[in-house]
Amino acid sequence: MNKKKLASFLVFLVTAFLLVACGGNDSASDNKTGGNETEKEKVELTIATWANEQEAKEFDAILEEINVSQDEYTIKQMVIPQDYYTKIQTMIAGNQAPDLIWLAQEYIPAYAKNGAVLDITEKLNSQTQINMDDYLDGSLNTAIYEGKIYGLPWIGQPYVVYYNKTLFAENGINEPAEDWTWEDFKETAKALTKDGIYGFATTGNPPLAVWIWGEGGEIVEKDGTVKLTTPETISGLELAKSIILDETMTMPYQEALSMGVEQAFVNGKVAMMVGGANDDVERKVEEAGGQFEVGMAIMPRGSKQHVTFNWTASTLISEQTDHPDVAFQALLDITEKMFDWKVPAPVASKVEKIGEINPYKAYAVDIIKKSTEISRGFNNLPEQNELGGNQWELLDLPILSNNNGKGNVDVKELAELTEEAFKAIIE
Amino acid sequence: MEDLSKMSEQEKIAFLVKQQKKKKRRPSPGYLFIAPWFISYFIFGLFPMVLSFIMSFTDWPVIGKPTFVGLENYRDLLVDRSFHNSLWVTIRYAIVAVPIGMAASFTIALIMASKTKGLSVYRTIYYLPAVVSGVAVGIIWRWILDPNNGLINNLLAIIGIKGPGWLTDPDWVLPSYVLMSLWGAGAGMLTYLVSINEVPLDLHEAAEIQGAGFFKRIFLVVIPYVRPILYYNLIMGIIGAFKKFNDAYILGGAGNQGQFIMLQIYDTAFTYFKMGYASAMSWIFLIIVLAITLLVFKFTDFWKYSQENEE
C-alpha cells in the first residue's frame, strides 16, 4: 500500500465515522422519509424519563395502554436514571433529542428561553381533552415562561409535615391543627425534644423559601428582581434560623446529615419532619416494624401567609421533534393517564383520588388537598440552576450548618452576599 | 524484469539504488495497525479540542444556538470569583497531594522491595484499591469520613478525640481530599518497585562498605537511581491532581472547598448552560497545566540519572 492509498484510506475511515456519528437518529430519518403523518403507518415517538426501575415498569404499562388504544403513534420510553439532564442536553446539542421530555420545574425557563422546547399555548387553547382550568395554579405556573405554556405538569407534590402520632399521644401533646403557626411548631418541637429524641430535623426541607414566603418575603421576582434583603425576607430567614439552630428542638445538622432525616424519623429519633406529600414515609415505618403511627399535618402558617412548597415536573415537547402535532396528542394522552398514576396529580379534580391510587395516603387526603391549595413553586428564571447553587452555598448551608459549626450566623449579612451573587448572575 | 547481466556497472548501481528507493517509499503496514488509535484520537481528542477552542469565543447554552461573543468569556474569567476559587482549590490540592502521594507510593515500594515472606500477597493487597472505580471510591470515603458514624471519627472517639466534620467543615475539606488521594498510592508503587529492584546490588554493597546505613543508602543510592521514575510520577501526579473529578463529584465539600476546577467546568457547561464559558475555562486551565508541566520539564537534567550526574 503506498502513501497516497494509505492516506485516502484513513481519510475515508474518518469521514465514514464522522458521518455515522453525526447522522440523525434512525427512527427520525425513517419517519421523515416515511412521509406525512396522515399515512396509516404509526409514527414512532420517544419520551425521556428519569424513572427508577419500578417507576419505569409502571410507566411502560401506561405507554403500552396508550399504544394499543389508538393507531396514530407508538411511544416508547427512554429511561435515563443517572445524569439525566447532562444526557438530555447532549442529545439536544447532537440533534438527537427525544420527542417528549420530562423536566423538573427549575429547568423549564432555560429550555424555553433557548428554544429547546415547543410553545404549546395555542395548541392547548384548541383542545378539549385536558381541562386546563382544572390545573392548580401553583403547578401550572411552573410550566409557564414569559406568559406562554411550554409543558403539562404531571405531578404537584406539596410539602407537608410528617409527625410521630404515637409520640405526641405519649407526651400528651395535641396534634397539629390546620391553622397552626410556626410559633406553635416551635413549642411542639421543644416539648418533644427529650430522651435523645429531637422534635424536628432538617437538611434542607422545607426550602428556606417556605419561611420567607410565609413572612411575606420573596427570593427573586419573576422579572428577575432580587428581593433577598427586604425586611420581610430577612424576617423569614430569622424565623428559619431560630428553628434550625435551636438544639432544644432541632437535631444538629451534622447528625441529621449523617443519619438522614427520613431514616431518623423512621427510627423514632425525630418526632417531626418535612417531606413531599407522596413520600413513602408510612410504608417505611411499617416495614421497619410499625413502632408508631404516622400523622400528616399541613405546613405551619407564617405571620403573613399560609404557604408551602410544591415540587412539580412537566412533560414538554422537544423543538427537534419531526411530528409536533402527533407529539402534542401523545402529550395529552400521557398526561391524562398520569393523573391516575401513583403520584399526586396537579389538578384539583384528582387530588382526592390519591387515597385510591396510593392506599398509604388514604388517611391524609384532606391534608394533601388543603396543602395543594396553598402550595407554590419558585419563581424560576432561566438562570435558576446557577442561582440555586449559589443560594445553597452562600445562604442555605451556612444557616443549616450554623456557619459550619462556628456559630455567629448573621442572616442579613448572608442575604446581602447572596443578593450580590444573584445580581451578578442575572445581569 | 530487468536483466542485470546485460547492464554496465554504472547502470547496475543506478538500478539498485532506484529499487532501494522504491522499497523505502513503500509505507510500513504498521501504519495501518496504529490507524485505529490515530482515528479515535482525531475524532475524540483533537477534533473536540479544536471545537472547544472555537466554542470558547461563543455564548452557547448547549440546548440553544451559539452566539459569537469574541473575547468576552476570557474577560469575564478574569473577574470570576468562583473560577478563581476552584483554581485555587485545585492548585492547593496539587501542591500538597502530589508530594505526599509520591512519598507514600515510594515508601510502600521500599517496603515491598524488601525480602519479606508473602510479599506477593502484600503487593496485590496494596495494588487492589487502584483498580476500584473512582465513583465507588467516593462512596466508600463518604462512609469513612462521615462526621458521626464514619470509620475515622469512630476510631478517634475511642481515644477521646472528637473528630471534625471532614467534608462539612470548609477547613477540613482539602485535608480530607489529600487523605483520600493516598488511596491510589498502590498504583504509583508499582513503577517505583520495578525501578528500586533494578538498583545494582554492587552499589548497595559499596555504600555499605563505606559505612552508609539504611537511610543513607535510600537517599544516596536508591533515590538518585529512581529519579527518572520520580520525574514520571511527578508529571503524571500533577496532571492527575489537576484533573480531579470523580470523588469530588460524589462528595462535594462545604464552602466550595470541594469545587475542583474540573467539577466547576462540568457544572458550568451542563448545569448552568454555559458551554462557551466552560470551554474558555478549559483553555485557561490547559495553559496553566501546560505552564506548570513545562516548568517541571525545565529541570529535566536534575531528574536524569547518570554516572556523570552522580559524580
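This is a predicted model: local features need pLDDT of at least 70, side-chain atom pairs count only at pLDDT 80 or more; totals for chains, interfaces and linings use all residues.
**Entry 1: E146(A)**

I looked up E146(A) and found that it counts as exposed because its relative accessibility is 66% (exposed means over 50% relative accessible area, buried under 20%, partly exposed in between, with a 1.4 Å probe and protein chains only). E146(A) sits in the loop between β4 (144–145) and β5 (148–149) of chain A; strands (E, at least two residues) and helices (H or I, at least four) are DSSP runs, numbered from the N terminus. Its phi is near 50°, a positive value in a residue other than glycine.

Residues are numbered from 1 along each chain as its sequence is written, chains are lettered from A and ligands numbered from 1 in the order in which they are written, and side-chain values use heavy atoms, with hydrogens and water left out.

F273(B) lies in the loop between α14 and α15 (275–298) of chain B. Is F273(B) buried or exposed? It is buried, because its relative accessible area is 7%.

I also checked a peptide bond: the one from N205(A) to P206(A) is cis, with omega near 0°. P206(A) is in the loop between β7 (198–200) and α10 (208–214) of chain A. Most peptide bonds are trans.

**Entry 2: where the chains touch**

I found 35 residues of chain B in contact with 33 residues of chain A (contact means heavy atoms within 4.5 Å). Between them the chains bury about 2,800 Å², 63% of it on carbon and sulfur atoms; buried area is the accessible area (1.4 Å probe) that two parts lose on being put together, summed over both.

How many salt bridges are there between chain B and chain A? I noted 3, a salt bridge being a side-chain nitrogen of Lys or Arg within 4 Å of a carboxyl oxygen of Asp or Glu. One of them joins K274(B) to E386(A), with the closest N and O atoms 3.1 Å apart.

**Entry 3: I229(B) and S195(B)**

I229(B) belongs to helix α12 (residues 227–242) of chain B, and S195(B) to helix α9 (residues 185–197) of chain B. Leaving aside neighbours within four places in sequence, I saw that I229(B) is in contact with T191(B), Y192(B) and S195(B). I229(B) is partly exposed at 23% relative accessibility, while S195(B) is buried at 7%.
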